[in-house]
Amino acid sequence: MDGSTRNSDLTYRGNRGRGRHDWLRLTPAYSLSVVEQLLDQVALEERVLDPFSGTATTPLAAATRGHEAVSCDINPFLIWLGETKLRRYDRSVVTEVGELGEELAESARSPSAARSEAPPIHHIERWWHADALDYLRALHAGIEHAADAHSARGRLLRVAFCRTLMALSNAAFDHPSMSFDDARPEERDKALFAARFRDDVAHILASAAPAPRRRAHVLAGDSRDLDALGDRRFDRVITSPPYPNRMSYVRELRPYMYWLGYLREAREAGELDWRAIGGTWGVATSRLMRWTPRGEVEPASLAPLLLEVEAGHATNGPLLARYLRRYFEDTSRHLRALRDHVVTGGSVHYVVGNSTFYGVLVPVEALYAELLERHGFGAVEVKRIRKRNSKKALYEFLVSARAR
Ligand SMILES: C[S@@+](CC[C@H](N)C(=O)[O-])C[C@H]1O[C@@H](n2cnc3c(N)ncnc32)[C@H](O)[C@@H]1O
């Protein structure tokens, strides 16, 4: 990783074909290769923590090698998905889910099959054509009836369902060859939808039986206080926090979250995004204008940057300056809380991306380095890993440090 080129192997795209890491490809995920390279330097007895679990890349890679590993996240769907990826599945469950998948794929084709309500996604017709939506509603009802979301069977079926719902959506890049051309008899489409679900079940089951060597867990928790960890301490932190780039994970994950019942209305998405670090979606933006800083430690180089961003745009400049200030306040709280959960001499590794606002480059990696120093970490090193964008000077960095 010399950091000069755009290397898709160093993003979630590189996780393709990597067993459970490839169960559901989501944008929040970071590169498994980066995690593997870091884990190569870690002794087996080291306990690994990821305070921003996302799709559970770190705990899955660490537990597969045999480390004790824990992660936490604030998003309930990602907590469920992470736990689903980390569990053991008996051979008998795998066989059973294979058979159930066949049955459900078929029965959802029937016009008389029970159907779930369509999820309350805004402009749902933009996401799915009517017959794809109809098939998904029948499939969803079948899965709900067959197995609870927290049972082994129910988890595997639902991850396959998530793959199918995205494959059948108009948002999918690899839109199935089941093309929606002029002459498309509904029955033909439904047979193809069923084939897609069968393939998705098979894809999941191919890597369900071999379990990670250690049982790892994703905890529901806020990384700004890390109360979820109790008094547990770790030797190694490998993580990728949200970047201050206004990306909303909730927004990205909406289709899955609505279908699986983690969101029931748009307001909830905004609320969740407001609780997440770096979120700015829906209600989160208006809240930001009313937000007041708590007087948390700030990196010294932040204040002049905020002034520049504020001056960058008459209306949005002040909003974005607040966004950045809140982001670094949250980061500072997180690193302060983290210090209590890392043994002295333990190492932390943060994969972070820089960002620009109105031409002002925010050197996120340098601000992390400064905050780590302020919160009891030393020997800070910053390495550039990869270019994120062909035009702008946007990079991903690895910031590493040791607990003093
Ligand atoms: C960049 S993603 C992590 C991606 C992960 N490394 C992976 O491979 O999937 C950042 C994660 O931080 C979570 N997050 C945001 N704010 C949080 C908070 N206050 N506490 C815990 N997790 C939070 C988001 O839900 C998101 O899953």
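Let's start with a distance. The C-alpha centres of domain 1 and domain 2 lie 41 Å apart. Domain 1 covers residues 91-205, and domain 2 covers 291-404. Keep in mind that this is a predicted model.

How confident is the prediction? The mean pLDDT of the chain is 91. Of its residues, 92% reach 70 or more. One stretch needs care. Over residues 175-183 the pLDDT is below 50. Beyond near neighbours in sequence, that stretch has six contacts in the model.

Now the core. How many residues does the largest nonpolar core have? It has 113. Those with the most contacts inside it are Phe77, Leu139, Leu156, Leu324 and Tyr368. Which helix gives the most to this core? Helix H7, residues 152-167, with nine residues. And where does the core sit? Domain 1 and domain 2 both give residues to it, so it lies between them.

Pick out Tyr368 in the structure. Leaving aside residues up to four places away in sequence, Tyr368 touches Tyr350, Val352 and Val399.

Next, Val237. Find it in strand E4, which runs over residues 234-239. Is Val237 buried or exposed? Count the C-beta atoms: 23 others lie within 10 Å, and 20 or more makes a residue buried, so Val237 is buried. Look at what it touches, again not counting residues up to four places away in sequence. The list is Leu49, Pro51, Leu338, Val342, Val348 and His349. Val237 and His341 are 104 residues apart along the chain. Yet their C-alpha atoms are separated by 9.7 Å.

On to the ligand. How many residues surround it? The number is 21. The closest are Phe52, Gly54, Thr55, Thr57 and Ser223. By type, the shell divides into twelve nonpolar, six polar and three charged residues.

Last, two backbone angles. Leu226 is not a glycine, but it has a positive phi of about 55 degrees. Leu226 is placed in the loop between strand E3 (217-220) and E4. With 22 other C-beta atoms within 10 Å, Leu226 is buried.

Arg246 also has a positive phi, near 65 degrees, and is a residue other than glycine. Look for Arg246 in the loop between E4 and helix H9 (249-259). Why is Arg246 called partly exposed? It has 17 other C-beta atoms within 10 Å. Buried needs 20 or more, and exposed needs 12 or fewer, so Arg246 falls in between.

Technical notes:
Residues are numbered from 1 along each chain as its sequence is written. This is a predicted model: local features need pLDDT of at least 70, side-chain atom pairs count only at pLDDT 80 or more; totals for chains, interfaces and linings use all residues. pLDDT is the predictor's confidence in each residue, from 0 to 100. Two residues are in contact if their C-beta atoms, placed from the backbone, lie within 7 Å. Domain bounds come from an automatic or database domain assignment. A nonpolar core is a set of buried Ala, Val, Leu, Ile, Met, Phe, Trp, Tyr and Cys residues joined through C-beta atoms within 7 Å. Helices (H or I, at least four residues) and strands (E, at least two) are DSSP runs, numbered from the N terminus. A residue is near a molecule or strand if its C-beta atom, placed from the backbone, lies within 6 Å of it. Ala, Val, Leu, Ile, Met, Phe, Trp, Tyr, Cys and Pro count as nonpolar, Asp, Glu, Lys and Arg as charged, and the others, Gly among them, as polar.
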